[in-house]
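Student: I would like to learn how to read the features of a protein model. Could you take me through one, step by step?

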Amino acid sequence: MKRMILKGIALLMLGLTLTSMGNNTADDDFKDEFLERINAVRRTGCNCGTQRMAPAPPLVWNDQLEDAAEDHAKDMARKKYFSHESRNGRSIKDRIMGAGYTYKGFRSYAIAENIAYGQRSIAEVQNGWFKSPGHCKNLMNPGLKEVGVAEKDNYWVQDFGGRENFTPQQQQMIKQGARIIQKRG
(Lines give C-alpha, C1' and ligand atoms only; values in the text may rest on other atoms or scores of the structure.)
Protein backbone atom coordinates (compact mmCIF):
# COMPACT_ATOMS: atom_id res chain seq x y z
CA MET A 1 0.00 0.00 0.00
CA LYS A 2 2.79 2.41 0.94
CA ARG A 3 4.53 1.67 -2.38
CA MET A 4 1.36 2.41 -4.34
CA ILE A 5 0.96 5.75 -2.58
CA LEU A 6 4.59 6.68 -3.27
CA LYS A 7 4.23 5.66 -6.93
CA GLY A 8 1.04 7.70 -7.16
CA ILE A 9 2.74 10.75 -5.70
CA ALA A 10 5.72 10.31 -8.03
CA LEU A 11 3.43 10.09 -11.08
CA LEU A 12 1.46 13.12 -9.94
CA MET A 13 4.67 15.14 -9.49
CA LEU A 14 5.93 14.06 -12.91
CA GLY A 15 2.61 15.04 -14.47
CA LEU A 16 2.65 18.45 -12.81
CA THR A 17 6.24 19.04 -13.90
CA LEU A 18 5.51 18.12 -17.52
CA THR A 19 2.36 20.23 -17.53
CA SER A 20 4.13 23.29 -16.17
CA MET A 21 6.96 22.89 -18.68
CA GLY A 22 4.51 23.00 -21.57
CA ASN A 23 2.59 26.09 -20.43
CA ASN A 24 3.46 29.29 -22.23
CA THR A 25 1.80 32.32 -20.63
CA ALA A 26 0.34 35.27 -22.51
CA ASP A 27 3.17 37.34 -21.01
CA ASP A 28 5.74 34.98 -22.56
CA ASP A 29 3.95 35.15 -25.91
CA PHE A 30 3.99 38.97 -25.76
CA LYS A 31 7.74 39.02 -25.05
CA ASP A 32 8.49 36.39 -27.68
CA GLU A 33 6.55 38.17 -30.41
CA PHE A 34 8.24 41.50 -29.69
CA LEU A 35 11.71 39.98 -29.66
CA GLU A 36 11.08 37.94 -32.82
CA ARG A 37 9.82 40.96 -34.74
CA ILE A 38 12.59 43.31 -33.59
CA ASN A 39 15.39 40.81 -34.02
CA ALA A 40 14.25 39.75 -37.49
CA VAL A 41 14.85 43.32 -38.66
CA ARG A 42 18.06 43.77 -36.61
CA ARG A 43 19.42 40.58 -38.20
CA THR A 44 19.21 42.03 -41.72
CA GLY A 45 19.39 45.78 -41.15
CA CYS A 46 16.97 48.32 -42.58
CA ASN A 47 16.47 51.91 -43.67
CA CYS A 48 15.49 54.35 -40.94
CA GLY A 49 14.19 57.17 -43.09
CA THR A 50 17.01 57.88 -45.51
CA GLN A 51 19.73 56.35 -43.34
CA ARG A 52 20.78 52.74 -43.88
CA MET A 53 21.20 50.93 -40.57
CA ALA A 54 23.54 47.94 -40.58
CA PRO A 55 22.53 44.64 -39.02
CA ALA A 56 22.74 44.69 -35.21
CA PRO A 57 23.05 41.97 -32.57
CA PRO A 58 19.77 40.61 -31.22
CA LEU A 59 18.08 42.33 -28.29
CA VAL A 60 17.34 40.35 -25.14
CA TRP A 61 14.44 40.90 -22.78
CA ASN A 62 15.13 42.69 -19.50
CA ASP A 63 12.54 42.56 -16.72
CA GLN A 64 13.73 45.82 -15.13
CA LEU A 65 13.21 47.65 -18.41
CA GLU A 66 9.81 45.98 -18.71
CA ASP A 67 8.91 47.22 -15.21
CA ALA A 68 9.89 50.79 -16.13
CA ALA A 69 7.89 50.57 -19.37
CA GLU A 70 4.87 49.10 -17.61
CA ASP A 71 4.83 51.80 -14.93
CA HIS A 72 4.97 54.54 -17.58
CA ALA A 73 2.31 52.93 -19.81
CA LYS A 74 -0.04 52.56 -16.82
CA ASP A 75 0.64 56.15 -15.70
CA MET A 76 -0.09 57.57 -19.16
CA ALA A 77 -3.27 55.49 -19.46
CA ARG A 78 -4.49 56.43 -15.99
CA LYS A 79 -3.75 60.16 -16.35
CA LYS A 80 -4.57 60.40 -20.08
CA TYR A 81 -1.38 62.00 -21.41
CA PHE A 82 1.25 61.05 -23.97
CA SER A 83 4.84 62.10 -23.27
CA HIS A 84 8.31 60.79 -22.48
CA GLU A 85 8.18 62.89 -19.32
CA SER A 86 5.80 61.72 -16.60
CA ARG A 87 3.25 64.14 -15.17
CA ASN A 88 5.27 64.18 -11.93
CA GLY A 89 8.37 65.32 -13.86
CA ARG A 90 10.17 61.96 -13.96
CA SER A 91 12.34 61.43 -17.02
CA ILE A 92 13.16 58.24 -18.89
CA LYS A 93 16.36 57.98 -16.87
CA ASP A 94 14.50 58.46 -13.57
CA ARG A 95 11.99 55.72 -14.38
CA ILE A 96 14.52 53.22 -15.73
CA MET A 97 16.97 53.71 -12.88
CA GLY A 98 14.07 53.61 -10.40
CA ALA A 99 13.19 50.16 -11.76
CA GLY A 100 16.72 49.00 -10.91
CA TYR A 101 18.42 49.28 -14.31
CA THR A 102 21.46 51.29 -13.22
CA TYR A 103 24.97 52.01 -14.43
CA LYS A 104 26.80 51.11 -11.21
CA GLY A 105 29.55 48.61 -11.96
CA PHE A 106 29.40 49.05 -15.73
CA ARG A 107 31.86 50.66 -18.11
CA SER A 108 29.18 52.19 -20.30
CA TYR A 109 25.46 52.79 -20.01
CA ALA A 110 22.88 53.84 -22.60
CA ILE A 111 19.09 54.07 -22.52
CA ALA A 112 16.35 55.06 -24.94
CA GLU A 113 12.57 54.93 -25.15
CA ASN A 114 9.89 54.61 -27.80
CA ILE A 115 6.27 55.42 -27.00
CA ALA A 116 3.13 55.09 -29.08
CA TYR A 117 -0.61 55.47 -28.65
CA GLY A 118 -3.61 53.97 -30.39
CA GLN A 119 -2.12 50.89 -32.02
CA ARG A 120 -4.06 47.71 -31.32
CA SER A 121 -1.43 45.03 -31.92
CA ILE A 122 2.26 44.31 -31.62
CA ALA A 123 2.57 44.20 -35.40
CA GLU A 124 0.89 47.59 -35.79
CA VAL A 125 3.03 49.34 -33.17
CA GLN A 126 6.27 47.75 -34.41
CA ASN A 127 5.52 48.69 -38.02
CA GLY A 128 4.86 52.27 -36.93
CA TRP A 129 8.09 52.48 -34.96
CA PHE A 130 10.13 51.08 -37.86
CA LYS A 131 8.55 53.66 -40.23
CA SER A 132 9.53 56.54 -37.91
CA PRO A 133 13.25 57.40 -38.37
CA GLY A 134 13.90 58.29 -34.71
CA HIS A 135 12.10 55.27 -33.30
CA CYS A 136 13.71 53.04 -35.92
CA LYS A 137 17.19 54.25 -34.95
CA ASN A 138 16.48 53.25 -31.33
CA LEU A 139 15.37 49.81 -32.52
CA MET A 140 18.50 49.39 -34.66
CA ASN A 141 21.09 50.93 -32.32
CA PRO A 142 23.75 48.25 -31.70
CA GLY A 143 24.67 49.90 -28.39
CA LEU A 144 21.20 49.11 -27.08
CA LYS A 145 21.24 45.43 -26.15
CA GLU A 146 18.22 44.91 -23.91
CA VAL A 147 14.55 45.81 -24.12
CA GLY A 148 11.38 45.76 -22.08
CA VAL A 149 7.96 46.62 -23.49
CA ALA A 150 4.52 47.20 -22.01
CA GLU A 151 1.06 48.16 -23.21
CA LYS A 152 -1.89 49.52 -21.24
CA ASP A 153 -5.11 50.65 -22.96
CA ASN A 154 -3.25 51.20 -26.26
CA TYR A 155 -0.45 53.19 -24.62
CA TRP A 156 2.80 51.48 -25.62
CA VAL A 157 6.21 51.98 -24.02
CA GLN A 158 9.40 50.33 -25.22
CA ASP A 159 12.46 50.93 -23.01
CA PHE A 160 15.96 50.04 -24.18
CA GLY A 161 19.23 49.67 -22.35
CA GLY A 162 22.81 48.90 -23.12
CA ARG A 163 25.48 48.26 -20.52
CA GLU A 164 29.03 47.12 -21.10
CA ASN A 165 31.11 45.43 -18.42
CA PHE A 166 34.60 46.51 -17.50
CA THR A 167 37.33 44.26 -18.89
CA PRO A 168 38.99 41.88 -16.40
CA GLN A 169 42.09 44.12 -16.50
CA GLN A 170 40.01 47.21 -15.72
CA GLN A 171 38.20 45.37 -12.90
CA GLN A 172 41.57 44.51 -11.34
CA MET A 173 42.72 48.10 -11.66
CA ILE A 174 39.53 49.33 -9.97
CA LYS A 175 40.00 46.86 -7.11
CA GLN A 176 43.47 48.35 -6.65
CA GLY A 177 42.02 51.85 -6.40
CA ALA A 178 42.56 53.16 -9.92
CA ARG A 179 40.01 55.40 -11.62
CA ILE A 180 39.12 54.49 -15.17
CA ILE A 181 38.54 57.46 -17.48
CA GLN A 182 37.85 56.79 -21.12
CA LYS A 183 37.49 59.36 -23.85
CA ARG A 184 34.71 58.91 -26.37
CA GLY A 185 35.01 59.63 -30.01
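**Salt bridges and a sheet**

Tutor: Let us begin with one side chain in this predicted model: K31 has a relative accessible area of 14%, so K31 counts as buried, since the cut-off for buried is under 20%.

Student: Which residue forms a salt bridge with K31?

Tutor: The partner is E66, and the closest N and O atoms of the pair are 3.7 Å apart. This pair links distant parts of the chain, with E66 in helix α3 and K31 in helix α2, 35 residues apart. E66 is buried as well, with a relative accessible area of 11%.

Student: How should I read the pairing of strands in a sheet?

Tutor: The general idea is that strands of a sheet pair through backbone hydrogen bonds, either parallel or antiparallel. Here, an open sheet of 4 strands has the order β3-β5-β6-β4, with mixed pairing. The edge strands, each pairing on one side only, are β3 and β4.

Student: In which sense do β4 and β6 pair?

Tutor: They pair in the antiparallel sense, over 11 bridges, and the bridge partner of I115 is V157 in β6. Helix α5, covering residues 122-131, packs on the sheet and touches both β4 and β6, its direction making about 65° with that of β6.

Student: Which side chains meet in a salt bridge at 3.1 Å, N to O?

Tutor: Those of E164 and R107 do. E164 lies in strand β6 and R107 in strand β4, so this pair ties together parts that are 57 residues apart in sequence. E164 is partly exposed, at 30% relative accessible area, and R107, at 29%, also counts as partly exposed.

How values were computed:
Residues numbered from 1 in each chain as written. Predicted model: local features only at pLDDT ≥ 70, side-chain atom pairs only at ≥ 80, totals over all residues. Heavy atoms only, no water. Pairing = 2+ DSSP bridges. Helix = DSSP H or I, 4+ residues; strand = E, 2+ residues; numbered from the N terminus. Contact = heavy atoms within 4.5 Å. Axes fitted to C-alpha atoms, helices over the stretch in contact; angles between N-to-C directions. Salt bridge = Lys/Arg side-chain N within 4 Å of Asp/Glu carboxyl O. Buried < 20%, exposed > 50% of the residue type's maximum accessible area, 1.4 Å probe, protein only.
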